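Here are some short notes for your review. Please read them with the structure open.

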Amino acid sequence: MSTYISAENLGHSFNDTWLFRQLTFGINRGRRVALVGANGAGKSTLLKLLAGKFLPVEGKVVRSKELKLGYLEQDPQFVKGATISDFIFQADNVQQQLIRRYEELLEDEPDNYEAIEKVTEEISNLEAWEYEHNIKTILGRLDIHHLEQKIETLSGGQKKRLALAQLLIADPEIYVLDEPTNHLDIDTIEWLESLLTEGNKTILLVTHDRYFLDNVCNEIIEIDRGKINNYSGSYLYYLEKKAEQEAADAAQFSKNKNLLRKELDWMRRQPQARGTKSKARIDAFYDLEEKTKDGGPKEKVQLSTKTARQGNKILEIDNISIGFNGNELISNFSYTFKKGDRIGLAGKNGTGKSTYLNLITGALQPDKGTIDKGDTTVMGYFHQSGITFKGTERVIDVVTDVAEYITMADGKTITASNLLTQFLFPPAKQYGLISKLSGGEKKRLQLMHILMKNPNFLILDEPTNDLDIDTLNVLEEFLISYPGVLILVTHDRYLLDKLTDQLFILEGNGKVLIYNGNYSSYRSDVEEMKAEAKRAAKNPASKKTEEPAVKKSKLAFKEQQELLSLEKDIAHLEQEIRNFTVQLNSGITNHEELAYLADKIQDMNDTLDEKTFRWLELNELNETA
C-alpha cells in the first residue's frame, strides 16, 4: 500500500514550548484517519505541517511525488477582492472554466442564447456535463449561490462552506480537513459523510463530531502529551482501548509513586560517596522520578454546580409568529415548558433557530402572540458567537465579576479560583490575559461564566465548536444530570441523541414540528415515511382498496378515548424500548450509564405491561358488552 504522506521525527514548538517531538507515522492510500487529542495538543498545527503550510522545527514531512493534496483549514483565508467564481474554478482546468462561463451566462445574461449555445456545445464535446452536475450539486448542497459575489462580503460560516466546496470540486488524492462539519446543518453533514466514504478516498481529519468521525474514519491517531498512539479501527474501538490503557496507566502510576517514596527515603540515607554497587539503583531512581513527575493520568474536568430553585411556571409560549422581509420563520407556535424538558432544536440553516432562541430569551419580540416567563426562571444562554471579553481582562476577572464564591451540587461553597482550577485553569493561567487562551479554553470559560449564575433554564447554541472530545464527554456527563430545562442547538447528532428526548424541528415556511423522541428516532421515522411513499407510488392501486366498515363501539365515549390513547402510548413505549436497547447494546463501557439504561428499559417494560393489560381489558369489554 503506497504512502501519500509520512512524518519523520517531527517536532514543533511555539514560544519555546514543544507541542510534540519525534513523531513518526504515515498516511497510506485509501485510509481515512482521524487525528484526536486535547485542546492545545497540536492537532491543527500537525495538519498544517503535513499540508506544507510551514516547516517543522525538527524532522521532516515527506510527500509522494506530485501529490494532489486538498487542505481545509478552520479559518480559511482568501485573496482580497476575489469572487466566489475566482476561488471555486481553477484557472488551469479547461472543464471548470467552461462550466464557470456557462453558469455566469445563465445568471447574468440568460437571454444571450448564442453565447449559451456555444459554451453548451463545447461542454458536450468535452463530455463534461456529469462534471457540471457534480459541481452544481456540491454548490447547492453547501448553499453557495451568486457566483460573482465578493468573498469578503460573506459570513465566517459561508467562507468555511466555500472553502469546503472548492476542495470537494477539486477532488484531491488526499483530503486534509480541519473541523469540516462546523457551520453545516445535519442534513448537509450526512450528505458529506456519504460523499467522503464513496470510492477509495484518502482522508486525514480533525473533528469533534463523534458520529461523523465514527462513520467516516477507519483509523485513529491520537496526540497525547507530545506522543503519537495509533489505533486501527473505529472511534468506538479507540475509546475501548483508550479506557483499558488509562486504567492500566493509573494502576502503574500509583505503583510507581509508592515505590518512588521508598527509593527517595533510601537516597536520602545514602552517604555522599556512593559506591559503584548502588549506581544501578540510583539510575533506576532517576528513571522512576521521570515517570512520575508529569502528574500521572490526565485530570478530568468536573462540572457540578447548583441550580436555582424552579417554580411551577417556567415559560409559556402562546401562538407566536415572526417573520422578516416577507419570509415567515415561525407561525402560530405554542408550547408550555415543563420541569425536566430536554429539547433539541433542529432544522436547516436559515429556518429560524437563532430567531427562536432570541424570542424565548427576550432579545426579540414576536410579531404576534405572547411569551410569559416564570418568576423563578433563571436563564443561562451559551451563545454560538461567545462572550466578548476585554483584551486586557484576566481569566479570573470573568468569574469574580459574577461571584467570588459559588455553591456546588453537594452544597459546599468554593472560591472562584478553586472552581477555575477544577475547570483546568491552573493559577498561572487564571492571572493571565484572556487573549492568550485557545478557542476551546475560551468556550470553557464562557460556560463557567454562565454556570456561575446557577441557571435553571439552560440554552446551548452550538456548544461543541472548538471543544476537544474529552471536554465534550465531561460536558455531556454534567448535562445528563442537569436538573433544569435544557434547550440544545447543535449539528452534533451524537449530542442530540444522548441529551434530548424531544425535538422542535423548524421545517421552513413558519412550521415547527414537535417530535417526541431523539434525533435517530426521528431520522428512522422519516426514512420509513419515504420508503412508504415509494411503495405507494409503485402500487397506487393499494391506496384504492376499500376500507372495511367501521364497527360500532360498545364502549362509553370516555373509554373509547382511553383505548385510542393507550394504542398511541403502547406504540411510543415500544419504540422507546427499542431505542434504549440499541443504546444498551452499542458497546458502552461506563457502568453508571449501563445501569441507567437497564433501569430505564425495566421501568418502560413495566409501564408497557400495565398499559397492554388495560388495552386488552377494554378490547374484551368492547367485544363482549
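Where does N509 lie?

1. N509 sits in the loop that joins β19 (502-508) to β20 (511-516). The model is a predicted one. N509 has a phi near 55°, a positive value in a residue other than glycine. Most residues other than glycine have a negative phi. N509 counts as exposed, at 72% relative accessibility.

2. H183 also deserves a look. Its phi is near 75°, again positive in a residue other than glycine. H183 is placed in the loop between β6 (174-178) and α7 (186-196). H183 is partly exposed, with a relative accessible area of 32%.

3. Next, a charged residue. D461 belongs to strand β17 (residues 457-461). D461 is buried, yet it has no salt bridge. The nearest side chain of opposite charge is K353, 7.7 Å away. A salt bridge would need a side-chain nitrogen of Lys or Arg within 4 Å of a carboxyl oxygen. Leaving out residues up to four places away in sequence, D461 touches S354, L357, Y381, F382, H383, Q384 and V489.

4. Now helix α15 (residues 439-451). Its 13 residues should span 18 Å at 1.5 Å a residue. The end C-alpha atoms are 19 Å apart, which agrees.

5. How many residues of α15 are buried? The count is 11 of the 13, so α15 is largely enclosed by the rest of the structure. Charged side chains are on the buried list: E441, K443 and R444 are among its members. The list also includes L445, L447, M448, I450 and L451.

Methods. Residues are numbered from 1 along each chain as its sequence is written. This is a predicted model: local features need pLDDT of at least 70, side-chain atom pairs count only at pLDDT 80 or more; totals for chains, interfaces and linings use all residues. Side-chain values use heavy atoms; hydrogens and water are left out. Helices (H or I, at least four residues) and strands (E, at least two) are DSSP runs, numbered from the N terminus. Buried means under 20% relative accessible area, exposed over 50%, partly exposed in between (1.4 Å probe, protein chains only). Contact means heavy atoms within 4.5 Å. The expected span of a helix is 1.5 Å times one less than its number of residues.
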